[in-house]
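Please look over this briefing on chain contacts, domains and helix packing. The structure comes first, and the notes follow by topic.

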Amino acid sequence: MDNVLAFGAASAQAARVDALFVMITVIGGFFFFLTQGMLIYFAVRYRRRLPDRDNETPRITGNHLLEFFWVLIPSIVVVAIFYYGWRVYTEQRIPVGGATEVYVNARQWLYEIKYPDGRTAINEIRVPAGRPVKFILSASDVIHGFYLPDFRVKMDMIPGRVTTLWVEPDRPGRYQIFCTVYCGTGHSNMLAQLVVMSPDAYAEWSARHEEAGEEKEHEPLAVRGARVAKNAGCLNCHPIGGAAKVGPDWKGLFGSNVPLEGGASATADEEYLRESIVDPGARIVKGFPNVMPTYKTTLSKEDVDAVVEYIKTLK
Amino acid sequence: MAQAAEEPGSGRGYLAESGWRSWAYTMDHKRIGVMYLYTTIAFFFIGGIFALLLRLELLSPQAKYFSDHTYNIFFTLHGSMMIFLFIIPAIPSGLGNFFIPMHIGARDVAFPRINLASYWVFVAGFLVVIASLVSPMDTGWTFYTPYSAKTGAAVATLSFGIFLLGMSSILTGLNFIVTIHKLRAPGMTWHRLPLFIWGMYSTSIIQVVATPVVGVTFLLLAMERLLGVAFFDPAKGGDPVLFQHFFWFYSHPVVYVMILPAMGIISEVIPVFSRKPIFGYKAIAYSSLAIAFLGFLVWGHHMFTSGMSPLANAIFSFLTFFVAVPTAVKVFNWIATLYKGSITFESPMLYALTFIFLFAVGGLTGPFLGALATDVQLHDTYFVVAHFHYTMMGGTVMGFFAGLHYWFPKMTGKMVNEKIARISWALVFVGFNVAFFTMFIAGVKGMPRRYAEYLPKFQVENVISTVGAAILAVGIGMMFWNFLQGLRKGPPAPGNPWRALSLEWQTPSPPDTENFHEIPVVTDWPYAYGTPKGPAA
Amino acid sequence: MSAPHEGHGDPRVAFESAKLGLWTFLATEVLLFGALFTAYAVFRAKYPALFHSEHLKLNRVLGTLNTVVLITSSLTVVLGVDAIRRGKARLLERYYAVTIVLGAVFLCVKYIEWTGEFHHGRYPDSNIFFSLYFMMTGLHGIHVILGMGVLAYVVVLSRRGRFSGEYHTPAEVAGLYWHFVDLVWIYLLPLLYLIG
């Protein structure tokens, strides 16, 4: 949909929302310039020019006809806007048949994706272009949000409930996902991506087994680890130098002596790092909260090793 | 009006007695109003400092001056303080307390002791709120569960503080309702009341009906934290979205508590400085009641993405649009008042006209949020932040500033420096628009709110906004400095510097403690400006 | 209607103001409890089986006893107001003292009920029904205590000779408040104890 008014709308539905937006802007703009134009015009035209002429104003106290019309016309206008907004919204809420279903569960501070074939991912959702997609949303701990600005849709993700959202992406691309319900310190770092693939690429990907990120031949382990760390959400909580975040700093971590809650300490060797990824609650670094989720089922052994290798390069 | 324009004063009037006891134990509604003004303005400054800190951090997309956690605490404190400690009480309990009895020709409110109690309950409330800062929270002023029930901060303490602030609000509203019903001077029929009174009356009804619900909401939140009750906890069968319903059942009507008094001030100022009667008195009066009523029916428009059924969403959206109509009616009537007027632009009038202009922007960005499809896109983005700052700050705060400039001579007996007032107005106007207009753009581009860090593509809007905030801060600082200078060494104010017709201006500046030597007998409405030779409509 | 010259110096205006003030305050109390009644309705609709099974665990004998106690206390309030309208301050004090005692009885019975629930392992955090039960009866109990305080204050004022057949506004206003507290209980009883 390469409509110049579409502002990068990624679906036909999004373009419809944009059309509504433009209509409201035009109507609002019209009334704004009309009223404020009159305000400014009257203020200038009827400003007091001579100091002793201030009581020669006519004692006009109202006009019933005018009141009637300026109640009637805005009422009609707002009903029209309501109706249009409601129609476009209804199209958004009624899912289309044949949709690919993806389960998305939010927790502080990442999105866990589960596909019907059992495959899982973190923070990256892959879907084919040209077909509707239905997101089945929930949350584990607090309310989160699922916002796809390019598609002009969002839905809250509520613990103990399931909500749904559907989109029909037009063309391949990478689209931003934001969390929009405040959920704690990592709220603004809960960044995820919707990767819309061409039908061929999607079919090929489905046939393979992937988790976080794509596998590339002969890729150095540390480079792979950097990519996994970014995609799996690790860097949302762990800084590498820089301002403090929710989790311990990775810069200079490998080989250092780490003080733990409860008084003991540990050396951050490969085994410590591996345990921290798959069983983060086993040993908590002193002064940090026990909030890290486990990546035991979402990262392959190779990806865990890759992340450890990556951490080793951060001196 | 039956009263002479100026009465022989007794020097300092209600301010004559000094010493802290004359303030702490006062039952004079004027002194109570002044105490509320000082307190709420102090919180305006503190909340404003938090705002400036937020804008400083938002210059850079990543965390720079303080951690994300600290940023999140700051926006929670900014919102909570501005809403509960400034904008809700400032006009009603401050200017309202001072001027409601004077407007209706009474010596005081119906229950002066309850009035004093409301102030001390307010103080208790803010002390408890401050006590909760030992473990500050980052929930946002909306305190959504489950996060607010689980997070390790002093939420229960804060909940009790807000409960007390709500009680203060209820006592004030109750007092005003009885005062307006029972203590009007002879001849002061309902249709001769100043429009400020109609606005305050509608406001008081909302305060009395809505505030108890938020009181219970915070009580339940505190009980969930302290006793583990199950209302909002999904693990025990509770519903976290129920919190949102209860919270917004109050918090939507409360925005009308914020705006209706300010609109009342505008209705007072425009006729005085146009030397014309207000156009459409009854329309403006009854639209205040209509807004108060309709405001209770629309809370769900804050929750369109919370999983409510499409039918519920549709009903809330439909009703939401109707609140726009009485609001628009007021704007049209104010502008019509200017027609064939004889207009001057002293600082109260500058702020009143600014109110209409900025509130129009805020109000006309409402339909984007009331319409379902666009709300789904814009909810929880900076578009909403811009919308409510244009209505609350561009609206209520500008109305508050108009009221402060208008009534400063009456309350203090001094005049402010008009030139400095106009310069600070210009800085406020420019700074405000630069600070907040780009937020609409950031929101349309998709920038979510409550984000300590953001994607680089939103940086330009944020930098511009911070520049605007700095200009705005300078303007506000200059404005209040001007008030201070006026208090200390302003020239003495006459009883009626604006040659206005409502009753408060028929007394000395400052007024005597008993307001009027004799209760006035009212024979005309307070908007009889202009010459009778024009055709009366 | 507007006030005569003396404003709230006029006793008629003061009396009407006090009544309007109290009715307005009662409106706020209706909203306060109304929010809880709404929560009750929402959760009852959601979990009918739970509400049925849990409500049977409440002690209906004690609930009924408390209802009789409160209704009687409203009767003594009516008698007290009637007494002071005829100028009989001492009689007012006695009736209101009996009311306060009945309020205390109500609270004792409530205490027995609550400790009985705790003994059976039923706490505010046990499930949504008991959360509602404890919150609603708890908030009501706080209002009973506040009402007793207000009535006691009226007795003190009467002992100081402040009331007469012409002026006894605090007694009327306090009585009205107590009736409201009774009325809330009349709604709580069937919703919590009786409906299956």
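Predicted model: local features only at pLDDT ≥ 70, side-chain atom pairs only at ≥ 80, totals over all residues.

**Helix pair in chain B**

- The contact of α15(B) with α17(B) has 5 nonpolar residues, 2 polar residues and no charged ones.
- Helix α15(B) covers residues 382-412, and helix α17(B) covers residues 459-489.
- Their axes come within 11 Å and cross at roughly 5°.
- Angles under 35 degrees count as roughly parallel, so α15(B) is roughly parallel to α17(B).

**Which chains touch**

- Which two chains share the most contacts? Chains A and B do, out of the 2 pairs of chains in contact.
- Chain A and chain C are joined by no contact. Their closest C-alpha atoms lie 14 Å apart.

**Chain B against chain A**

- Here 76 residues of chain B are in contact with 71 residues of chain A.
- Several helices of chain B each supply at least two residues to the side that touches chain A. Among them are α3, α8, α10 (281-294) and α12 (347-364) of chain B.
- α11(B) provides the largest share of that side, 14 residues.
- By class, the side of chain B that touches chain A has 47 nonpolar, 20 polar and 9 charged residues.

**Chain B against chain C**

- This contact takes 35 residues from chain B and 28 residues from chain C.
- On the chain B side, the elements that give two or more residues are α6 (155-182), α7 (195-227) and α8 (240-251).
- α7(B) gives the most, with 8 residues.
- The side of chain B that touches chain C divides into 24 nonpolar, 7 polar and 4 charged residues.
- Helix α8 of chain B gives two or more residues to the side that touches chain C. Helix α8 of chain B also supplies at least two residues of the side that touches chain A.

**Domains of chain B**

- Chain B is divided into domain 1 (29-251) and domain 2 (272-277 + 295-513).
- Taken over C-alpha atoms, the centres of these two domains are separated by 19 Å.
- The contact between them involves 32 residues of domain 1 of chain B and 29 residues of domain 2 of chain B.
- On the domain 1 side, α2 (29-57), α3 (68-104) and α8 of chain B are the elements that give two or more residues.
- α3(B) contributes the largest share of that side, 12 residues.
- The side of domain 1 of chain B that touches domain 2 of chain B has 22 nonpolar, 7 polar and 3 charged residues.

**Domains of chain A**

- The assignment for chain A gives domain 1 (4-40 + 64-93), domain 2 (100-207) and domain 3 (221-312).
- The C-alpha centres of domain 2 and domain 3 of chain A lie 25 Å apart.
- Their contact takes 12 residues from domain 2 of chain A and 10 residues from domain 3 of chain A.
- The side of domain 2 of chain A that touches domain 3 of chain A holds 4 nonpolar, 6 polar and 2 charged residues.

**Chain C as a whole**

- How many helices and strands are there in chain C? There are 6 helices and 0 strands.
- From the N terminus on, the elements of chain C run α-α-α-α-α-α.
- The C-alpha trace of chain C spans about 60 × 35 × 20 Å along its principal axes.
- Chain C has 196 residues, and 37% of them count as buried.
- Take the contacts in chain C between residues at least 6 apart in sequence: 78% join residues at least 24 apart.

**Helix α3 of chain C**

- α3(C) has 26 residues, 60-85. From its first C-alpha to its last it reaches 38 Å, close to the 38 Å expected at 1.5 Å a residue.
- Its buried residues include C:Asn66, C:Val69, C:Leu70, C:Ser73, C:Ser74, C:Val77 and C:Gly80.
- Residues three or four places apart in an α-helix point the same way, because there are 3.6 residues a turn.
- What do the buried residues of α3(C) pack against? They pack against α4 (89-119) and α6 (169-194) of chain C.
- C:Gly87 follows α3(C) and has a positive phi, near 85°.

Conventions
Residues numbered from 1 in each chain as written. Chains lettered and ligands numbered in written order. Contact = placed C-beta atoms within 7 Å. Helix = DSSP H or I, 4+ residues; strand = E, 2+ residues; numbered from the N terminus. Nonpolar A, V, L, I, M, F, W, Y, C, P; charged D, E, K, R; others polar. Domains from an automatic or database assignment. Expected span 1.5 Å × (residues − 1). Buried ≥ 20, exposed ≤ 12 C-beta atoms within 10 Å, placed from the backbone. Axes fitted to C-alpha atoms, helices over the stretch in contact; angles between N-to-C directions. Parallel < 35°, antiparallel > 145°, perpendicular 65-115°, else oblique.
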